[in-house]
Amino acid sequence: MNYNALSLFSSAGVAETYFDKHGIHVKVAAELLPQRAEIYKHLYPSVKMFQGDITEQDNFKKIIEAAKEEKCDFIIATPPCQGMSTAGLKKKDDPRNRLIIDVVKAIKLLNPKFVIIENVPEILQTKIEIDGEWIYIDTYLRSELGDKYEFNTNNVVNAMYYGVAQSRERCVYLLAAKSMQIKWEFPKPSRKITTMRDAIGDLPSLDPNVTDISSEELKKLFPDYEKKKKEGLAVSKWHYPPRHKYRHVVAMMHTPEGCSAWSNETYYPTLSDGTKSKGYKNTYKRQWWDKPAYTVTKYTSRIGSQENGHPGRAIIDSPDEETRLWSDARVLSILELMRVSSLPDDWNIPDDASSNVIREILGEGVPPRLLEHALIELEQLIDEKRKI
C-alpha cells in the first residue's frame, strides 16, 4: 500500500505508530492541546502539525488545504470520547460529541479512499442534535457517508484479541470508498490472549518511591530500593519507581495479586488521619499476571484509581493478612503502560515530557496494534484485488 493520510484529533500519534510500516504515511495532523501537539512533532517531525481548535473555520480550512496539497487519500479520526465514555459525565449536549460533524465535513471535502474513525463503544448509543433533531451518531455517519462508503459490519472490537495485553473495547469504523470495491473488516479475533506476564513479566521489580517519609525510613522499608531503581533504569529511562504515599503503599504490600486492599481487615486504605477511607472495590486493586491488563485510563498514576495496581509477586505467600507480603506495591511504570498499550520500548518520548501527560495520552489512545491488524487486513484485500 502507499497512501498519504490526514490524522485528526491526533494527540501524540499513538494510534498511527505502525502506519508507515504498512504504507500509510501521515502527512498532515491536527491536535487541540499544545503539549500533545509538541510531542507529536517530536515523534513525527516530517508531518505538518496544526495545533488549534478544528471547529474554528480558519483552522479547519488550513488543515483541509494542507491535506489536499499532500494528496491525502486516507483519514484517521479519533475524536475525544469524554462526552460519551462511562468514565465521563455523559452530558447529552457535550460539545465534544459534535466533533464528529467536522470529521464528516473533512471526509466529504477530501473524498479519501479509506477512513478509520475510532471511539468508545458508547458512541453507538450517543445522540447529537442535527437541524433541531436528536439522532444517533451512528445513524448520522451512515446517512451522510453511506452513499459513497462501505462500512465494516462489526464495529466493536476488543484489543485483547488482537495482540494487545489489555482488555480495551473500542468502536472502530473502517470505511472503504465504494469505488475501491473492497469490504474492509477486522480479521477474526485471535483465540490467543496476550497477558501481563507476556508483556511485562521480564521487567525488573520496582519498589515505590514513598514521598511522605524520609530517605532513611524509605531505606528501612525497602532496603533494595536504589538497587531496583538502578536495574529498572538500565532497561529504560521510563521504568522508574512511581510516587506513592506511605499509607497506600503499606495497604498494597499486604494485598495479593488480583485482590483489592479493601478486602483486607487491617491493611485497608486510610485517610491521612488513619481512619478508613471510602471507595469502590475496583480501586487499590492489583491486576492479574495471567490475564490482560484492565483498560488503561488517564489516571494511572493513582493507586486509588480503578484497577491500577501492579500484579506483584509473593515475598511471603500466606493467607494470613498480617504475615503475607507482596512486591511492587505500586502502579505500573510508564514503560509497563507502553507495553500493555502495544507500543515499542523505543517509543521516542521527549526527555522533558511530563509523566502525567504521557500517562493521560496512553490512557486515552487506541492501542496501535489493534489498528495494525486492520491495516494488515486491508493490505491483503488490496493485494487480492490486484491479482484479479
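Reader: Which residues does Thr266 touch, not counting residues up to four places away in sequence?

Author: Thr266 touches Glu321 and Glu322 on that count. This is a predicted model. Thr266 sits in the loop between α8 (246-253) and β13 (314-316).

Reader: Is Thr266 buried, exposed or partly exposed, and what is its relative accessible area?

Author: Thr266 has a relative accessible area of 43%, so it is partly exposed. Buried means under 20%, and exposed means over 50%.

Reader: How far apart are Thr266 and His254, in sequence and in space?

Author: Twelve residues separate Thr266 from His254 in sequence. In space the two are 9.3 Å apart, C-alpha to C-alpha.

Reader: Now to α8. How many of its residues are buried?

Author: A general idea comes before the count. An α-helix has 3.6 residues a turn, so residues three or four places apart point the same way. In α8, six of the eight residues are buried, so this helix is largely enclosed by the rest of the structure.

Reader: Which residues of α8 are buried, and where do they pack?

Author: The buried set is His248, Val249, Val250, Ala251, Met252 and Met253.

Reader: What is phi at Ser342, and where is Ser342 found?

Author: Ser342 is another residue that is not glycine, and its phi is positive, near 70°. The loop between α9 (334-340) and α10 (355-364) holds Ser342. With a relative accessible area of 8%, Ser342 is buried.

Reader: Where does Asp73 lie, and what does Asp73 touch?

Author: Asp73 lies in the loop between α2 (57-69) and β4 (74-77). Leaving out residues up to four places away in sequence, Asp73 touches Tyr3, Asn4, Pro112, Lys113 and Phe114. At 16% relative accessibility, Asp73 counts as buried.

Reader: What lines the largest cavity, and how much space lies in it?

Author: About 70 Å³ of space lies in the largest cavity. Its lining includes Gln287, Ala293, Tyr294, Thr295, Val296 and Thr297. Glu307, the residue with the positive phi, is also part of this lining. By class, six lining residues are nonpolar, five are polar and one is charged.

Reader: And what lines the second largest cavity?

Author: Val14, Gln166, Arg168, Ser341, Leu362, Gly365, Val366 and Pro367 do. The space inside is about 30 Å³. Four of these residues are nonpolar, three are polar and one is charged.

Reader: What about the second largest pocket: what volume does it have, and how many residues line it?

Author: Its volume is about 600 Å³. The pocket is lined by 32 residues, and Phe9, Glu31, Thr78, Pro79 and Pro80 lie nearest its centre. The elements that give two or more residues to this lining are β1 (3-8), β2 (24-31), β5 (114-119) and α10 (355-364). The lining divides into 15 nonpolar, nine polar and eight charged residues.

Reader: Last, the whole chain. How many helices and strands are there in the protein chain?

Author: The protein chain has eleven helices and 14 strands. Its radius of gyration is 23 Å, close to the 21 Å from the globule rule for 388 residues, so the chain is as compact as a globular protein of that length. The C-alpha trace spans about 65 × 45 × 40 Å along its principal axes.

Reader: What share of the residues counts as buried, and what area does the chain expose?

Author: Of the 388 residues, 55% count as buried. The chain exposes about 18,500 Å², and carbon and sulfur atoms supply 48% of that area.

Definitions and conventions
Residues numbered from 1 in each chain as written. Predicted model: local features only at pLDDT ≥ 70, side-chain atom pairs only at ≥ 80, totals over all residues. Heavy atoms only, no water. 1 Å grid on protein atoms, 1.4 Å probe; cavity = no way out; pocket = protein on both sides within 12 Å on 5 of 7 lines; lining within 4 Å. Points joined across faces, edges and corners; volume = space filled by probe spheres on them. Helix = DSSP H or I, 4+ residues; strand = E, 2+ residues; numbered from the N terminus. Nonpolar A, V, L, I, M, F, W, Y, C, P; charged D, E, K, R; others polar. Rg over C-alpha atoms; globule rule 2.2 N^0.38 Å. Buried < 20%, exposed > 50% of the residue type's maximum accessible area, 1.4 Å probe, protein only. Areas by Shrake-Rupley, 256 points an atom, 1.4 Å probe, with all protein chains shown as cover. Contact = heavy atoms within 4.5 Å.
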